[in-house]
4 protein chains.
Amino acid sequence: MEPTFTAKETEIKRLGEAKILSPLADLSEIGFDRRILYHPYLIQDKVEADISFEVAKHDKYIYFDPKKVTAAIVTCGGLCPGLNNVIRAIVLALHYGYGVKRVFGIKYGLQGFIPKYGHELIELNPRTVSDIHEQGGTMLGSSRGEQPIEEVVDALERQNMNLLFVIGGDGSLNAASEIEKEIYKRGLKIAVTGVPKTIDNDISNISHSFGFETAVEEATKSIQCAHSEAMSYPNGIGLVKLMGRESGFIAATAARAQRDVNFVLVPEVDFELEGPKGFFKALEDRLLERSHAVVVVAEGAGQKFFEDMESGIDPSGNPILKDIGRFLQRKINEYFKRREIDVTMKYIDPSYMIRSVPANTSDGLFCATLGQNAVHAAMAGKTSVVVSIWHGVYCHIPIALAIRNRKTINPRGTEWINVIESTGQPAFIND
Amino acid sequence: MEPTFTAKETEIKRLGEAKILSPLADLSEIGFDRRILYHPYLIQDKVEADISFEVAKHDKYIYFDPKKVTAAIVTCGGLCPGLNNVIRAIVLALHYGYGVKRVFGIKYGLQGFIPKYGHELIELNPRTVSDIHEQGGTMLGSSRGEQPIEEVVDALERQNMNLLFVIGGDGSLNAASEIEKEIYKRGLKIAVTGVPKTIDNDISNISHSFGFETAVEEATKSIQCAHSEAMSYPNGIGLVKLMGRESGFIAATAARAQRDVNFVLVPEVDFELEGPKGFFKALEDRLLERSHAVVVVAEGAGQKFFEDMESGIDPSGNPILKDIGRFLQRKINEYFKRREIDVTMKYIDPSYMIRSVPANTSDGLFCATLGQNAVHAAMAGKTSVVVSIWHGVYCHIPIALAIRNRKTINPRGTEWINVIESTGQPAFIND
Amino acid sequence: MEPTFTAKETEIKRLGEAKILSPLADLSEIGFDRRILYHPYLIQDKVEADISFEVAKHDKYIYFDPKKVTAAIVTCGGLCPGLNNVIRAIVLALHYGYGVKRVFGIKYGLQGFIPKYGHELIELNPRTVSDIHEQGGTMLGSSRGEQPIEEVVDALERQNMNLLFVIGGDGSLNAASEIEKEIYKRGLKIAVTGVPKTIDNDISNISHSFGFETAVEEATKSIQCAHSEAMSYPNGIGLVKLMGRESGFIAATAARAQRDVNFVLVPEVDFELEGPKGFFKALEDRLLERSHAVVVVAEGAGQKFFEDMESGIDPSGNPILKDIGRFLQRKINEYFKRREIDVTMKYIDPSYMIRSVPANTSDGLFCATLGQNAVHAAMAGKTSVVVSIWHGVYCHIPIALAIRNRKTINPRGTEWINVIESTGQPAFIND
Amino acid sequence: MEPTFTAKETEIKRLGEAKILSPLADLSEIGFDRRILYHPYLIQDKVEADISFEVAKHDKYIYFDPKKVTAAIVTCGGLCPGLNNVIRAIVLALHYGYGVKRVFGIKYGLQGFIPKYGHELIELNPRTVSDIHEQGGTMLGSSRGEQPIEEVVDALERQNMNLLFVIGGDGSLNAASEIEKEIYKRGLKIAVTGVPKTIDNDISNISHSFGFETAVEEATKSIQCAHSEAMSYPNGIGLVKLMGRESGFIAATAARAQRDVNFVLVPEVDFELEGPKGFFKALEDRLLERSHAVVVVAEGAGQKFFEDMESGIDPSGNPILKDIGRFLQRKINEYFKRREIDVTMKYIDPSYMIRSVPANTSDGLFCATLGQNAVHAAMAGKTSVVVSIWHGVYCHIPIALAIRNRKTINPRGTEWINVIESTGQPAFIND
């Protein structure tokens with residue numbers, strides 16, 4: 001996969017020179033600065049070394065004086081396992097790592113900056129965050145939708161904030177980028193740091209995002225249930241709709257993890273329903289042969305079937321998807337009625353039961369390290385930056401690279417081939 | 001609560017005199033026969049001792065010769081945690097307890113008896129059932145709907161069955177009762193034994209039914225998710241629909257277990273939506289005060305709102321319920337739009353994720369003992385009988401008592417009072 | 001089983017006449033007072049109605065004025081799942097049910113009353129207890145060992161306590177009984193209410209105790225691990241030591257729940273190790289036949305093997321048990337070395353991983369109801385009383401009946417017969 | 001970290017030229033061969049590109065004819081979560097991916113090759129492995145200890161095996177390497193493929209090993225229990241011993257994941273017990289300040305304290321470690337007795353409850369991919385090779401690189417610094 005940006009664009013913006021000795025300086029030998037290669041491969045004995053990302057670490061010198069710093073944390077958009085873990089990690093790293101004592105939570109996403117909503121600031125310290133990672137959701141609350149950038153920066157000025165941590169998806173990271181521009185315009189010294197949040201794992205230039213692993217684990221439970229239901233009736237069909245607006249990673253990964261899935265439908269791979277090679281025929285064949293079937297569909301799959309229907313936009317600016325799950329449920333039933341085959345269909349939509357669980361152990365560790373590295377970036381004076389992980393290495397990349405475009409499944413790549421190998425499904429395309 | 005039957009009606013039907021020494025006879029002292037009182041209370045120094053149930057146990061003498069016995073097991077209706085545990089317990093008790101080696105599973109419920117469906121018998125032995133309790137669903141498969149009783153008994157005769165174990169709800173137990181009548185008419189010696197299955201816990205004269213505890217445990221997880229979602233947005237509403245066609249036990253019990261629930265709506269307690277004391281007003285007040293709310297609704301609640309809509313009957317003969325969950329989701333949103341209050345509603349319908357999980361440890365033990373006692377009844381020659389538990393004591397009662405009427409929540413009883421105490425909800429009835 | 005007490009002894013002591021209208025009075029029709037029969041059976045057409053227990057309920061009139069009441073809660077002895085749930089339920093019932101606002105936690109068991117330890121009182125209200133049931137252990141802390149009764153009552157007087165809730169085992173309930181006697185002697189009006197705590201489920205006149213079900217669930221996980229280990233090696237032996245000082249209920253119940261157990265050793269059933277019918281020979285036979293074996297031993301089993309060893313008493317006054325687990329581990333290895341058979345033994349002692357987990361859903365509900373009924377008793381002015389459950393009915397019994405003697409497994413009863421049926425183990429007694 | 005080998009040593013040995021068109025050839029575009037850099041970094045604008053590993057993938061041409069291949073799978077050494085998943089993945093990839101139908105399991109590790117033990121071969125196919133990943137342990141059984149290499153190769157010849165998959169730790173991988181040498185000496189065409197197994201995550205040149213993440217997840221549960229116990233008593237100490245003979249990764253990672261740990265002791269970091277800066281003094285200080293403490297110790301830590309004691313070697317050739325857990329338990333108690341401070345110590349050793357659980361979802365996916373890539377290597381004719389993952393990329397490396405030396409925690413590296421930051425513990429070294 002080729003990078004969609006130049007080496008120049010990987011450069012991190014800084015508020016100024018870091019001159020203050022870091023309280024963490026003693027903790028370890030500070031090695032040379034390193035960058036992780038975008039393509040860490042040797043191909044035909046050559047390495048492409050022109051594109052790389054700055055490796056995250058704590059620096060010897062920092063930009064902000066910990067004793068004078070005030071930090072704000074805000075969570076935006078839909079829920080994702082691990083939000084509380086990231087909040088907690090940021091607070092602990094600020095407090096214990098750098099000695100920053102004034103940390104505030106912004107309530108209900110960007111709304112919390114806007115006076116008319118009247119939301120109070122939440123004081124954050126090790127005691128108030130001690131157990132939050134055991135709960136799903138976000139202790140700060142969240143909201144969808146845009147807010148006027150000027151008013152947000154007004155609030156940051158009024159509250160004397162120096163650090164702003166935005167935990168959110170591409171809409172919110174875009175807002176963070178706009179906020180940084182306004183800050184720059186006003187000549188303020190406020191570092192804006194993003195922690196990319198996407199349960200769909202679809203943010204670009206980031207190997208994988210927090211909460212995804214937990215989401216897959218929860219999704220497999222739904223698939224297990226669908227499988228039990230399907231097995232328990234003659235011509236039983238278990239249909240599970242999973243998250244994935246534009247990228248089917250959860251559906252594809254969960255299907256591989258719980259190898260009971262026979263068909264996976266994702267946004268990236270076109271398919272037809274009717275016709276000799278269509279999905280319905282394949283499903284019928286499966287039932288004839290094995291009497292049961294499990295189908296997993298990502299919410300963004302098959303949107304072409306809704307083209308004629310009226311559409312809309314949700315408050316975050318995402319197009320409202322027609323419900324492919326309910327649509328398939330109805331259409332499959334109609335198909336088999338037409339074919340005079342009795343089937344028993346059980347439809348499971350676990351979305352809100354996946355988004356709102358606490359992070360598992362592994363995501364918990366991941367979030368903890370993301371939070372730490374977000375704090376390292378901010379204290380060093382880096383701004384308009386997000387924490388990424390690339391080839392197993394935590395790094396800092398400009399926000400612009402994270403919101404450049406979406407990461408999607410390559411229908412000719414290993415990920416999808418593994419799905420095909422696992423399900424045995426053909427391409428549902430008539431000639 | 002007064003019994004709806006006479007002492008005469010608690011008598012168990014028997015196929016004949018039990019004369020064969022039981023292989024279990026040595027295992028313990030066989031005490032006196034005992035009956036558990038229907039009302040085990042002293043009220044104003046008096047005991048009502050006229051109604052009681054036969055305590056289940058293994059008898060010294062049995063009716064069937066274990067070496068000659070062939071047994072059939074069938075599971076009917078919707079899934080419920082523990083089905084596989086009951087199957088397993090019956091097989092193990094027949095095999096190890098009595099030395100019965102010929103045990104068969106009937107595939108896909110009563111369909112499995114009807115030649116036109118062409119389902120094969122499944123051989124059951126300790127090896128084939130060894131791990132089934134770790135899976136949800138039923139290894140035998142199930143189906144809904146009636147089958148011709150004569151054909152079922154034809155199959156039993158043809159297959160030389162002596163014992164028939166029916167694991168099913170009130171529809172299936174009614175069929176079992178009809179099957180037994182036909183068996184009696186033909187003069188056959190086949191014992192018909194029921195294990196009552198109802199995830200709603202609504203079968204009469206049975207303190208609690210298998211799978212219910214697991215269902216409540218799973219339901220609390222959905223409520224936790226709804227709570228996390230509700231807490232994470234301004235005016236967040238988490239709406240959870242749980243099972244409970246005519247009895248709201250799961251909703252009521254889960255609400256008590258997970259004390260984050262603010263409103264519980266069940267079929268047994270009438271409520272109004274609009275008006276000064278209606279549910280919507282109470283929900284609005286809650287949001288004003290606390291900014292979030294969790295609502296749990298049993299599927300059979302509020303059916304009066306659908307009275308004008310056209311209706312139907314599902315293949316099991318149950319009336320198709322209008323979907324109160326989706327209905328409330330729409331109506332609540334409409335209400336707050338009218339009131340010009342922004343709310344964020346998350347709707348969770350976990351039904352098939354509750355029905356299809358494996359039994360928890362405690363239900364596993366319960367199912368094991370139910371299965372054992374079903375076998376004791378059958379081997380002793382009792383027929384048209386189900387295994388019940390009454391005041392903690394396993395007992396045998398005639399099928400007729402189990403399907404007499406439904407057990408429901410008493411709106412003036414302890415169960416519902418505890419719900420009110422836990423949620424703080426008022427009665428939603430305008431004067 | 002015959003009661004070891006007279007009808008007279010079931011009478012509950014009261015501080016005085018209840019004259020204050022209960023805030024709960026409106027909530028439900030207050031029916032007749034009922035008592036649950038000790039023997040709720042009809043045996044040879046007769047009922048023994050002379051012994052019965054007072055059914056727990058909220059009364060129309062209470063003894064204490066909620067506005068003036070101060071309550072103390074203390075947890076004593078070893079951990080047990082559900083301690084925090086009981087604390088929480090008491091606080092919520094006092095606060096929401098009766099309007100009692102002054103509730104205090106005593107820190108570290110009875111130590112918390114004794115000035116020399118310097119422990120502070122902990123203020124308890126709905127906010128401070130809101131999430132405690134999600135943690136194992138006890139938020140109040142606990143301790144073992146006796147404290148001078150006079151000093152405890154001095155503290156109660158000094159702090160103007162009116163209600164004392166003691167959550168503890170038989171040692172602590174005995175202390176509660178002594179405290180009540182001293183209170184009576186001084187003419188104070190302080191109600192002493194016990195919630196019996198025993199992970200071993202061995203308190204008399206109480207059908208089952210909180211935390212037991214969770215303990216069994218956790219114990220089955222250890223057994224599963226022992227089974228996996230045993231299966232994975234030639235002549236693999238998985239040995240699990242479970243709690244049970246004088247009663248083997250956890251071992252017996254867990255063995256039934258997880259039917260992979262081949263041998264269960266409990267304090268109530270004598271056994272020999274050596275000899276033709278001894279345990280070692282049976283274990284050898286099992287290995288010869290199946291190549292692996294799972295053994296579960298209760299900590300109090302086989303204490304006779306330690307008779308010659310020196311002994312001691314722990315701070316709670318319990319005799320220090322010689323470690324039967326480690327002993328068997330060594331002895332089994334020695335036996336097979338002698339027999340020149342290679343075995344692979346894996347020893348698992350999960351005790352502290354069982355005691356310290358949070359209560360499962362079902363225990364959570366149980367604890368909630370126990371706490372409520374403890375509060376009903378106290379507010380009604382009952383004293384020297386504990387909350388019991390008998391044949392599924394919550395009742396109040398004098399502390400004296402709870403500490404009368406221990407409940408143990410009857411080696412000729414259903415419980416043990418089910419174990420034998422499940423494991424297939426013989427009696428390990430040489431003639 | 002510098003590589004301990006030359007570029008030459010990363011070359012993979014092959015049985016011969018791959019000429020047979022792979023059944024997987026169509027599935028995807030076969031790109032250029034790629035190698036993953038050992039150091040994928042840009043340091044001072046330079047890349048070290050001399051050392052790299054062969055990226056794993058399915059090739060267009062394979063060496064073995066799938067129709068004629070017979071494969072053997074063996075699992076060796078101690079249990080580790082995921083063994084069954086790897087077995088299953090190898091069987092499924094051989095069967096569905098390449099059409100290899102003859103696959104056999106070797107029973108009880110290398111013992112299964114040696115005639116005198118008399119273990120039978122186990123037939124493996126998709127049906128026999130369908131559910132094994134839901135169980136811990138290994139369905140094939142395992143054993144420790146060496147077996148004569150010649151006899152193993154005799155067996156491979158006798159059974160006409162073409163592929164040998166060895167799932168095991170460094171001892172077993174060393175045996176695999178010796179087996180391959182003997183195969184080569186005899187001129188046989190048998191591919192030997194290793195899947196490195198180490199719950200300690202200590203195999204060199206492999207980023208992380210299967211089962212490790214599950215182990216950490218289970219370990220955190222023990223720590224939670226230890227924390228609940230410690231919190232519940234005055235001066236409560238929870239002491240947890242975790243796996244880690246020579247590398248403390250589990251202890252260090254679990255401590256970071258469950259941030260309730262105050263002290264972590266690992267083999268890589270020297271420490272003293274007594275003295276002003278010793279561990280005991282720090283523990284005492286902690287108790288004075290906070291009244292409770294949680295200590296995690298890796299089994300290989302502090303072995304210097306046993307230097308005078310007699311020692312031994314286990315059947316796998318590993319030195320028998322003196323039990324640091326029990327040792328600390330005793331020594332800590334002695335210390336506080338000497339200091340006249342009452343403490344309550346709870347000791348938890350969860351080792352066999354960690355090793356024997358089923359893999360979690362994430363490890364399950366990891367094992368699935370490891371198994372697939374092991375099959376790709378073998379079918380391509382690569383031999384004396386193991387499947388590794390390096391910077392997120394699956395690759396093939398010579399067995400020799402995997403057993404070169406152990407991976408350990410660098411006391412000056414990020415891993416350990418994160419532990420120190422999380423626990424706040426100092427170095428326990430007196431000057």
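This is a predicted model: local features need pLDDT of at least 70, side-chain atom pairs count only at pLDDT 80 or more; totals for chains, interfaces and linings use all residues.
Residues are numbered from 1 along each chain as its sequence is written, while chains are lettered from A and ligands numbered from 1 in the order in which they are written.

Let's start with chain A. It splits into domain 1 (8-209 + 358-402) and domain 2 (214-356 + 411-423), with bounds that come from an automatic or database domain assignment. The C-alpha centres of these two domains of chain A are 35 Å apart. Where they touch, domain 1 of chain A puts in 18 residues and domain 2 of chain A puts in 16; two residues are in contact if their C-beta atoms, placed from the backbone, lie within 7 Å. On the domain 1 side of chain A, that contact is made of 5 nonpolar, 9 polar and 4 charged residues. In this scheme Ala, Val, Leu, Ile, Met, Phe, Trp, Tyr, Cys and Pro count as nonpolar, Asp, Glu, Lys and Arg as charged, and the others, Gly among them, as polar.

Now pick out strand β7 (residues 70-75) of chain A. Helices (H or I, at least four residues) and strands (E, at least two) are DSSP runs, numbered from the N terminus. In β7(A), 5 of the 6 residues are buried, where buried asks for 20 or more other C-beta atoms within 10 Å of a residue's own, with C-beta atoms placed from the backbone. β7(A) runs parallel to strand β8 (residues 102-105) of chain A, joined by 4 bridges; strands pair if DSSP finds at least two bridges between them. Ala71(A) has Val103(A) as its bridge partner in β8(A). β7(A) is also joined to strand β10 (residues 163-168) of chain A, again parallel, by 5 bridges, and there Val74(A) is partnered by Val166(A). With helix α1 (residues 83-98) of chain A, β7(A) and β8(A) form a right-handed β-α-β unit. Right-handed here says that, with the strands pointing away from the viewer, the path from the first strand over the helix to the second runs clockwise.

Over in chain C, have a look at strand β14 (residues 292-298), where 7 of 7 residues are buried. In a regular strand the side chains alternate between the two faces of the sheet. In β14(C), His292(C), Val294(C), Val296(C) and Ala298(C) point one way, Ala293(C), Val295(C) and Val297(C) point the other way, and all are buried. Which strands run parallel to β14(C)? One of them is strand β12 (residues 236-242) of chain C, held by 7 bridges, with Gly236(C) opposite His292(C). Strand β13 (residues 263-265) of chain C is another, with 3 bridges, and Phe263(C) stands opposite Val295(C). From β13(C) the chain passes through helix α6 (residues 279-290) of chain C to β14(C), in a right-handed β-α-β crossover.

Next, how chains A and D meet. Their contact takes 37 residues from chain A and 37 residues from chain D. On the chain A side, α9 (361-379) is among the elements that give two or more residues, and α9(A) makes the largest share, with 5 residues. By class, this side of chain A has 17 nonpolar, 12 polar and 8 charged residues.

What rotation superposes chain A on chain D? It is 180°, with 0.0 Å of shift along its axis and an RMSD of 0.0 Å; copies are superposed by least squares on the C-alpha atoms of residues with pLDDT of at least 70 in both. That is the relation of a two-fold axis. The interface residues of chain A are 100% shared with those in chain D, so the copies meet through the same surface.

Finally, chain D also touches chain C, with 25 residues in contact with 25 residues of chain C. α4(D) brings the largest share of the chain D side, 5 residues, and that side holds 11 nonpolar, 12 polar and 2 charged residues. Chain D is laid on chain C by a turn of 180° and a shift of 0.0 Å along the axis, with an RMSD of 0.0 Å. Here too the same surface serves both copies, as 100% of the contact residues of chain D recur in chain C.

Key
A residue is buried if 20 or more other C-beta atoms lie within 10 Å of its own, exposed if 12 or fewer, and partly exposed in between; C-beta atoms are placed from the backbone.
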